[in-house]
Amino acid sequence: MAQYSDVVMDHFTNPRNVGEIEDADGVGEVGNPVCGDMMTFYIKVDEEGRLAEVKYKTFGCGAAIAVSSMVSEMAKGKTIEEALKITRDGVAEELGGLPANKMHCSNLGADALHKAIEDYLEKKGKE
Amino acid sequence: MRTAREVYLDNYAASPLLPEARDAMLPFLGESFGNPSSLHGRGDAAREAVEEARSRVAALIGAAPEEIIFTCNGTEANNLAVKGITAGSRRKGRHIMVSAVEHFSVLHAARSLEKQGYELELVPVDEYGRIDLGALRSLMRDDTILVSVMLANGEVGTIQPVAEAACIAAERGVPFHTDAAAAAAHLPIDVESLGVQALTLSSDLLYGPQGVGALWVRRGLRVIPLLDGGVQEGGRRGGTENVAGIVGMGVAAELARERMTERSAHLRGLRDALIAGLPARVDHVHLTGHPVERLPWNASFVVEFIEGEGMLLLLDQQGVAVSSGSACTSRALKGSHVLTAMGVPPERAQGSILFSFGPQNTLQDVDYVLEVFPPIVERLRQMSPLYAKFLKERG
């Protein structure tokens with residue numbers, strides 16, 4: 001499909017890190033299926049404060065799936081601070097661009113990741 | 001990408017041009033370049049070709065040739081019907097009614113009139129997409145000047161009770177238009193027994209060339225032109241005719257009449273094989289549209305827990321071309337208004353997928369889809385948080 005870059009098609013066709021983490025340290029859900037896209041991110045944080053594992057499940061179009069996959073790759077191994085610096089625009093750039101009409105609705109991966117990190121920090125604060 | 005097999009099942013969007021139509025068109029893209037309005041020999045030849053096509057198109061729907069207006073597509077014909085008839089009757093009232101599942105070229109034309117001050121009423125449909133005849137009757141007013149209900153919906157295949165609806169409009173003397181574009185090659189049409197005053201045809205859905213359509217308007221009904229210009233098409237549509245296209249449409253209309261029974265039986269066989277085969281292989285798949293009152297070529301479904309574009313892209317990688325009514329596949333990112341009007345919940349409508357068959361398709365095509373599609377659904381469901389939730393709740 002010509003509207004997507006090769007990188008998007010690669011991540012859509014072979015999405016990396018798909019799945020759930022049973023005992024996740026943080027979970028973040030954004031979007032809703034009524035609008036078209038929904039993503040749930042799961043993170044596991046190691047003792048050094050790095051994202052040891054990043055997994056997700058995504059309901060949505062090709063772009064939404066590719067975005068999730070790319071975010072998981074970008075975030076894996078990063079510290080919390082570094083991962084919080086991942087932006088929507090940065091993700092789109094790494095994907096070789098996204099169609100203009102998909103920039104808003106499908107580009108939710110960074111938000112879902114940040115939400116999972118917030119969830120982790122909140123849980124950690126309560127400990 | 002090259003695949004083992006190519007299966008084209010998006011015939012509602014475009015379908016292969018009939019070779020007979022192409023052959024008939026070719027002279028008019030070459031040596032027979034005349035303008036039908038010219039008074040010399042070349043003009044005569046072009047005019048005769050257009051008039052022959054007009055007779056053929058008229059014959060498909062039991063109309064008189066002079067009642068056919070050629071347009072540049074079905075969209076223009078629908079616009080001409082909605083806006084032209086309304087403008088012609090504006091002294092009689094300002095109320096127009098169209099069904100909630102009309103093609104955008106009717107729906108958006110009606111919306112545009114609404115912005116100009118007309119009152120628009122959408123006729124509701126049931127879960128199968130059939131219009132509510134009781135509502136049509138009760139919503140009709142003394143100042144209603146147009147009712148438009150399509151003969152059949154291309155997106156979900158549902159055939160509308162147009163003769164009954166037209167009868168209700170006739171009781172009040174209100175002009176009734178029907179968009180027959182998706183149906184005309186497959187359902188026998190006789191405008192007299194149908195009781196309508198205007199009817200839209202599209203050449204490409206008769207397996208003729210793209211870029212041609214026609215509006216039939218019953219003699220005596222006033223239609224104000226959309227395009228002002230010369231006196232082509234009886235003064236109802238200015239502009240030099242697309243002679244080659246019109247000739248192609250004429251041939252396609254004639255072949256539609258000749259081949260209708262045989263073609264529909266073939267398409268129905270393919271459609272029913274898929275409608276029976278898919279839910280047998282994939283759970284939580286639902287047919288959309290009416291199970292019986294249905295276009296022979298249409299097999300439309302919603303697949304739960306996943307989204308249409310993903311299915312479409314993965315099918316494309318397997319050589320299968322289809323379309324979807326999901327929000328993500330529309331440029332406007334809006335979900336299908338047809339499924340919405342039928343009361344399909346938005347998240348389920350996201351899983352819309354349409355297989356539209358054409359005469360060139362075979363049962364092997366259906367078998368191939370039944371082979372490659374279930375793993376695609378499974379793969380997308382494994383990624384879907386909605387499916388995970390469903391499995392957890394089911395326990």
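Me: How many salt bridges are counted between domain 1 of chain B and domain 2 of chain B?

Reply: Side chains of opposite charge can pair when their charged atoms come close. In this predicted model, the count of salt bridges between domain 1 of chain B and domain 2 of chain B is zero. On the domain 1 side, α9, β10 (298-303) and α11 (337-341) of chain B each supply at least two of the residues that touch domain 2.

Me: Which residues of chain B belong to domain 1 and which to domain 2?

Reply: Domain 1 comprises residues 7-15 together with 260-394, while domain 2 covers residues 19-256. Their C-alpha centres are 29 Å apart.

Me: How many residues of each domain are in contact, and what area do the two domains of chain B bury between them?

Reply: The size of an interface is often given as the accessible area lost when the parts come together. Here 29 residues of domain 1 of chain B are in contact with 34 residues of domain 2 of chain B. The two domains bury about 2,500 Å² between them, and 61% of this lies on carbon and sulfur atoms.

Me: How many salt bridges are found across the interface of chain B and chain A?

Reply: Three salt bridges are found across this interface. One of them joins the side chains of B:K392 and A:E20, at 3.1 Å from N to O. There are also 10 residue pairs in polar contact across the interface of chain B and chain A.

Me: How many salt bridges does a search of the whole structure find, and which parts does the pair B:E20 and B:R259 tie together?

Reply: Over all chains, the search finds 30 salt bridges. In one of them, the side chains of B:E20 and B:R259 meet at 2.8 Å, N to O. B:E20 lies in helix α1 (residues 19-25) of chain B and B:R259 in helix α9 (residues 243-281) of chain B, so the pair ties together parts that are 239 residues apart in sequence. B:E20 is partly exposed, with a relative accessible area of 35%, and B:R259 is likewise partly exposed, at 26% relative accessibility.

Me: Are B:E76 and B:R237 buried or exposed?

Reply: Both residues are buried. They form a salt bridge in which the closest N and O atoms are 2.6 Å apart. This pair links distant parts of the chain, 161 residues apart: B:E76 is in helix α3 (residues 74-88) of chain B, and B:R237 is in the loop between α8 (232-235) and α9 of chain B.

Me: What span should helix α5 of chain A have, and which of its residues are buried?

Reply: An α-helix has 3.6 residues a turn, so residues three or four places apart point the same way. At 1.5 Å a residue, the 18 residues of helix α5 (residues 109-126) of chain A should span 26 Å, and the end C-alpha atoms are 26 Å apart, which agrees. The buried residues of α5(A) include A:L113, A:A116, A:I117 and A:Y120. Among the elements against which the buried residues of α5(A) pack are β1 (26-32), β2 (37-45) and α2 (62-75) of chain A.

Me: What is the phi of B:E233, and what is that of B:H284?

Reply: Most residues other than glycine have a negative phi, and most peptide bonds are trans. B:E233 has a positive phi of about 55° although it is not a glycine. B:E233 is placed in helix α8 of chain B and counts as buried, at 7% relative accessibility. B:H284, also not a glycine, has a positive phi of about 55°. B:H284 is placed in the loop between α9 and β9 (285-287) of chain B and counts as partly exposed, at 27% relative accessibility.

How values were computed
Residues numbered from 1 in each chain as written. Chains lettered and ligands numbered in written order. Predicted model: local features only at pLDDT ≥ 70, side-chain atom pairs only at ≥ 80, totals over all residues. Heavy atoms only, no water. Helix = DSSP H or I, 4+ residues; strand = E, 2+ residues; numbered from the N terminus. Expected span 1.5 Å × (residues − 1). Buried < 20%, exposed > 50% of the residue type's maximum accessible area, 1.4 Å probe, protein only. Contact = heavy atoms within 4.5 Å. Salt bridge = Lys/Arg side-chain N within 4 Å of Asp/Glu carboxyl O. Domains from an automatic or database assignment. Buried area = accessible area lost by both parts, 1.4 Å probe. Polar contact = N/O pair within 3.5 Å; in protein donor to acceptor, adjacent residues only side chain to side chain.
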